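The following questions and answers are meant for a student who wishes to see how structural terms are applied. Please view the sequence and the structure before reading on.

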Amino acid sequence: MAYLFCAWQYLDLHVLKVATCPGFRRQGLAQRLMESAEAFVAREGGETVTLEVRQSNTGAQAFYLNMGYHTVGVRPGYYADGEDGLVMTKMFTNSKALYDESSR
Ligand SMILES: CC(C)(COP(=O)(O)OP(=O)(O)OC[C@H]1O[C@@H](n2cnc3c(N)ncnc32)[C@H](O)[C@@H]1OP(=O)(O)O)[C@@H](O)C(=O)NCCC(=O)NCCS
């Protein structure tokens, strides 16, 4: 019904793809997947979650904004069809300390 692919690259979790089947959208599935990826980052003491999203994909941008992500840059012609990709990120500075604190 929904999936998330990501890559863990030295304190940054890069979200490569997240999608929910059309009939199952707006039920919180992608949010739960992102939250579990973010919990991994916190556990590992990571610093950021980063992703690219098509400039035209306003629905996905709204999804990420709702989850606390910010646009930090643009990759011109990032996609095969030439569309620009927005770079969005969420910071987890000192996440290990925060995670340790919250698990006490
Ligand atoms: C973007 C996508 C993954 C969201 O999946 P989802 O399971 O429907 O998202 P959720 O139900 O967890 O959404 C959580 C919140 O994010 C926001 N949100 C999600 N989709 C949104 C949309 N299309 N427009 C505006 N806000 C949206 C809402 O605040 C939503 O909460 P609400 O339904 O209570 O209002 C899904 O629309 C999708 O698969 N799109 C096609 C693939 C894609 O574009 N992936 C991203 C590539 S970078």
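**Terms and values in a predicted model**

Q: Which residues come nearest to the ligand?
A: Of the 19 residues around the ligand, those that come nearest are R25, A30, Q31, G59 and A62. A residue is near a molecule if its C-beta atom, placed from the backbone, lies within 6 Å of it. The elements giving two or more residues to this shell are β2 (12-20), α1, β3 and α2 (58-66). With five residues, α2 gives the most. The model is a predicted one, in which local features need pLDDT of at least 70 and side-chain atom pairs count only at pLDDT 80 or more, while totals for chains, interfaces and linings use all residues. Residues are numbered from 1 along each chain as its sequence is written.

Q: What makes up the shell around the ligand, by class?
A: The shell has 10 nonpolar, seven polar and two charged residues. Here Ala, Val, Leu, Ile, Met, Phe, Trp, Tyr, Cys and Pro count as nonpolar, Asp, Glu, Lys and Arg as charged, and the others, Gly among them, as polar.

Q: How many helices and strands are in the chain?
A: The chain has three helices and five strands. Helices (H or I, at least four residues) and strands (E, at least two) are DSSP runs, numbered from the N terminus. From the N terminus on, the order is β-β-α-β-α-β-β-α.

Q: What span is expected of helix α1, and what does it reach?
A: The expected span is 1.5 Å times one less than the number of residues. Helix α1 (residues 29-44) has 16 residues, and 22 Å is expected. From its first C-alpha to its last it reaches 23 Å, which is close to that value.

Q: Why are the buried residues of α1 said to line one face of the helix?
A: In α1, the buried residues are A30, M34 and V41. Seen down the axis of α1, they fall within an arc of 30°, and therefore they line one face; the arc is that of the directions from the helix axis to the C-beta atoms. The face turned away from this buried side carries the exposed residues R32, E35, S36 and A39.

Q: Why is R26 called exposed, but A19 partly exposed?
A: A residue is buried if 20 or more other C-beta atoms lie within 10 Å of its own, exposed if 12 or fewer, and partly exposed in between; C-beta atoms are placed from the backbone. R26 has 10 other C-beta atoms within 10 Å, so R26 is exposed. A19 has 15, so A19 is partly exposed. R26 is found in the loop between β2 and α1, whereas A19 lies in strand β2.
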